Amino acid sequence: MDFKHKLINWYSTNKRPLPWRETNNPYHIWLSEIILQQTQVKQGLPYYEAFINKYPTIYDLAKASETAVLKLWQGLGYYSRARNLHTTAKHIVNNLEGEFPDNYKDLLQLKGVGDYTASAIASFAFNEVAAVVDGNVYRVLSRYFGIETAINSTKGIKEFKTLATTLIDKENPATYNQAIMEFGALQCKPKNPNCSTCPLQISCVAFQKKKVDALPVKQKKTKITTKYFNFLVYIDNNHNTLFEKRDTKGIWQNLYQFPLIESNKSLNSEEFHLMDLDNSFLKVNSVDYSLYNETDIVHKLSHQHLYTKFWVIMVEELPIDAIPIESLIKYPTPVLISDFIEVFKF
DNA sequence: AAAGCGGGGGG
DNA sequence: CCCCCAGCTTT
């Protein structure tokens, strides 16, 4: 048996039952693929169910507000996926008469859809012979063929895509694509792969050369920057607070937060008192305020560490755009903020 | 070619 | 602590 048939054979007895494998609906498949970008199945599954329930068709998603879509996406991260998801839904409904593009080339034009996702939708929904190359595929192929080209280099990306294209089962592209990814996720895992029970062991170059742990090769790592965030949690006599939309580019775009002041170091109460707060609503030194957390709450993103303090500021009355504290939960927020709202006793 | 973008989980 | 996850877009 050759490579592709061994994989498909393994898949037939080891696959997990997943909802997006039970459908040919391109909308459902697209939704699942966007959710699963850089996200493990376990983490994405409940979000998939929630989106299918709230937005059963692409028309439902298209007519939703971006805020509502972001709210349902809250906690999943990489929020540009949600914004692009919504943009693409509107595009398909408004410009393509609700008809999903049905081939790799056209799918690739959609916002938020790259080579992997276009290949996945084309094969799963339309049975097109388009090879997927995700993190699992990189790992399986680099190990099995002993390829040491960095998977995140331009050369590596081309090399692996070409190889994947030669390997795909042209009779069963969808099943083959599912099989190699599932194999990478369950058998040929990043750490402690199950080589002893692997059906490909005998012909696996990495196993024979004892290089399984060294593959795949990946170049460089992202360097992490540290930032210091001070959130201003205003509370007035009417039980209102200030909440604002992050409208700038960068992290958490279009999500909501308490007014934020960034500092170049972690501030104690005295330093905060002295800070020039001209950009905030009130002069802090003229009001009653307290520090919620003495030690910084450290929120770690993939390339930023956020050292955070929440300053609670009592005032008599906030401006007209203040919102009732009870309505905070309606807004999409970063996990850092939603965690605070959940724990803080307003 | 490199950087930016989340949050959770494994070892 | 580090790495990885059904990657894509922008610079």
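This is a predicted model: local features need pLDDT of at least 70, side-chain atom pairs count only at pLDDT 80 or more; totals for chains, interfaces and linings use all residues.

Trainee: Into which domains is chain A divided?

Mentor: Chain A has domain 1, covering 3–214, and domain 2, covering 225–343. Their C-alpha centres lie 38 Å apart. For the contact, domain 1 supplies nine residues and domain 2 supplies 13 residues.

Trainee: How much area do domain 1 and domain 2 bury between them?

Mentor: They bury about 870 Å², and 52% of that is on carbon and sulfur atoms.

Trainee: How many salt bridges and how many residue pairs in polar contact are found across the interface?

Mentor: The rule finds zero salt bridges between domain 1 and domain 2, but five residue pairs in polar contact across their interface. On the side of domain 1 that touches domain 2, helix α5 (residues 66–73) gives the largest share, with four residues. By type, the residues on that side of domain 1 are three nonpolar, three polar and three charged.

Trainee: And how do I read a pair of aromatic rings?

Mentor: In general, such a pair is described by the distance of the centres and the angle of the planes. This structure holds 28 aromatic pairs. Take Y27 and W30: their ring centres are 6.0 Å apart and their planes are at 45°, so this pair is tilted.

Trainee: Where do Y27 and W30 sit along the helix?

Mentor: Both are in helix α2 (residues 26–35); they are three residues apart, so about one helical turn separates them.

Terms used: Residues are numbered from 1 along each chain as its sequence is written. Chains are lettered from A and ligands numbered from 1 in the order in which they are written. Side-chain values use heavy atoms; hydrogens and water are left out. Domain bounds come from an automatic or database domain assignment. Contact means heavy atoms within 4.5 Å. Buried area is the accessible area (1.4 Å probe) that two parts lose on being put together, summed over both. A salt bridge is a side-chain nitrogen of Lys or Arg within 4 Å of a carboxyl oxygen of Asp or Glu. A polar contact is a pair of N or O atoms within 3.5 Å; within protein, one must be able to donate a hydrogen and the other to accept it, and residues adjacent in sequence count only if both atoms are side-chain atoms. Helices (H or I, at least four residues) and strands (E, at least two) are DSSP runs, numbered from the N terminus. Ala, Val, Leu, Ile, Met, Phe, Trp, Tyr, Cys and Pro count as nonpolar, Asp, Glu, Lys and Arg as charged, and the others, Gly among them, as polar. Rings of Phe, Tyr and Trp (its six-membered ring) pair if their centres lie within 6.5 Å; planes under 30 degrees apart count as stacked, over 60 as edge-to-face and the rest as tilted.
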